[in-house]
Amino acid sequence: MTTKLEAINIMLSCIGHNAINTLEGVKSAFITTAENILDSETKRVQLQSYDFNTEEDYPLTPDVDGFIKIPDNVVSIVYPQDYLNRYTVRNGKLYDKFEHTFIIKNQLRVGIVFALNFEELPEVVKYYITILSAYKFTKRELGSQAVCVYTQEDVTDAKQAFLESELDLGNYSLIPEFYTRDIKGDL
C-alpha cells in the first residue's frame, strides 16, 4: 500500500531530488511544496462524490445543546428533497434557514461526502493522486515535464483506471428504480 512518504518520494524523484526517510522535522522547500501539492490534490479529487468517500442515509444527531457539529473532513452534504433547501453549514454547524437558528431538535439523515486522509484511500485512487501530483509538482518546479517520467497521458491513464474501479465498486445504474422499487402492473 502506497504511503504518503512514498508518494512524496515519487514526486521528488521526478525533479532528481533524493528520497527522504521521514516527513517529520525540518523540510526543504521542495519537500514542503511536494507535500502541499499532494495534500491539495488529495482534497481536490475528493470534492466529488465517489463510492469510497460517500455515505448515504448518514445520521446527523444534535448534541446536548441542540447543535449538529459537522466534522472538519466533510466536503459536502446532500440533503433529501423533503428538507426543501432548509439546511446549510455555517461555522462548522448545521443551520436551519427556515427557523433562523443553529438549534436542531431532531436527528437528520443525509448523504455525506468525506475528504479522507491519503492513507485511507483505495490504492487505485492513491495511484491516480500520486501521478497527478507528480505531474503538477514537476511542472511547477521545473517549468516542464522533461525530467519527469510521468506525462499527461500517464495522468489520463491513471484517472481512467480510477474511474473504471469506481464504476465497478459503485454498482451504478442509469435506472435506479429497477433495483429499489417493485415492478407494478398487470402481468
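What share of the 187 residues in the chain is buried? Buried residues make up 36% of the chain. The model is predicted. The chain holds five helices and five strands. Along the sequence, these elements follow the pattern α-α-β-β-β-β-β-α-α-α. Take contacts between residues at least 6 apart in sequence: 66% of them join residues at least 24 apart.

**Sheet**

- Three strands form an open sheet, and their order is β1-β5-β2.
- The pairing in this sheet is antiparallel.
- β1, residues 54–60, and β2 are the edge strands, and each of them pairs on one side only.
- Neighbouring strands of the sheet are turned by 40 degrees against each other on average, with direction ignored.
- β5 covers residues 108–114, and four bridges join this strand to β2 in the antiparallel sense.
- S76 stands opposite V113, a residue of β5.

**Helix α1**

- Helix α1 spans residues 4–13.
- The buried residues in α1 are K4, A7, I8, N9, M11 and L12.
- An α-helix has 3.6 residues a turn, so residues three or four places apart point the same way.
- The cover over the buried residues of α1 includes α2 and α3, the latter at residues 123–142.

**N9 in focus**

- N9 is found in helix α1.
- Why does N9 count as buried? The relative accessible area of N9 is 16%, and buried means under 20%.
- Leaving aside residues up to four places away in sequence, N9 touches A19 and I20.

**Largest pocket**

- The volume of the largest pocket is about 200 Å³.
- Its lining has 15 residues, and the closest to the pocket centre are T42, K43, A115, L116 and N117.
- Which element gives the most to this lining? α2 does, with three residues.
- α2 runs over residues 29–45 and β2 over residues 74–78; each supplies at least two residues of the lining.
- By class, the lining of the largest pocket has six nonpolar, five charged and four polar residues.

Conventions. Residues are numbered from 1 along each chain as its sequence is written. This is a predicted model: local features need pLDDT of at least 70, side-chain atom pairs count only at pLDDT 80 or more; totals for chains, interfaces and linings use all residues. Side-chain values use heavy atoms; hydrogens and water are left out. On a 1 Å grid over the protein atoms alone, a cavity is a set of points where a 1.4 Å probe fits but cannot get out, and a pocket is an open set with protein on both sides within 12 Å along at least five of seven lines; lining residues have an atom within 4 Å of a point. Grid points are joined across faces, edges and corners, and a volume is the space filled by probe spheres set on the points. Ala, Val, Leu, Ile, Met, Phe, Trp, Tyr, Cys and Pro count as nonpolar, Asp, Glu, Lys and Arg as charged, and the others, Gly among them, as polar. Two strands pair if DSSP finds at least two bridges between them. Axes are lines fitted to C-alpha atoms, for helices over the stretch in contact, and angles run from 0 to 180 degrees between N-to-C directions. Buried means under 20% relative accessible area, exposed over 50%, partly exposed in between (1.4 Å probe, protein chains only). Contact means heavy atoms within 4.5 Å.
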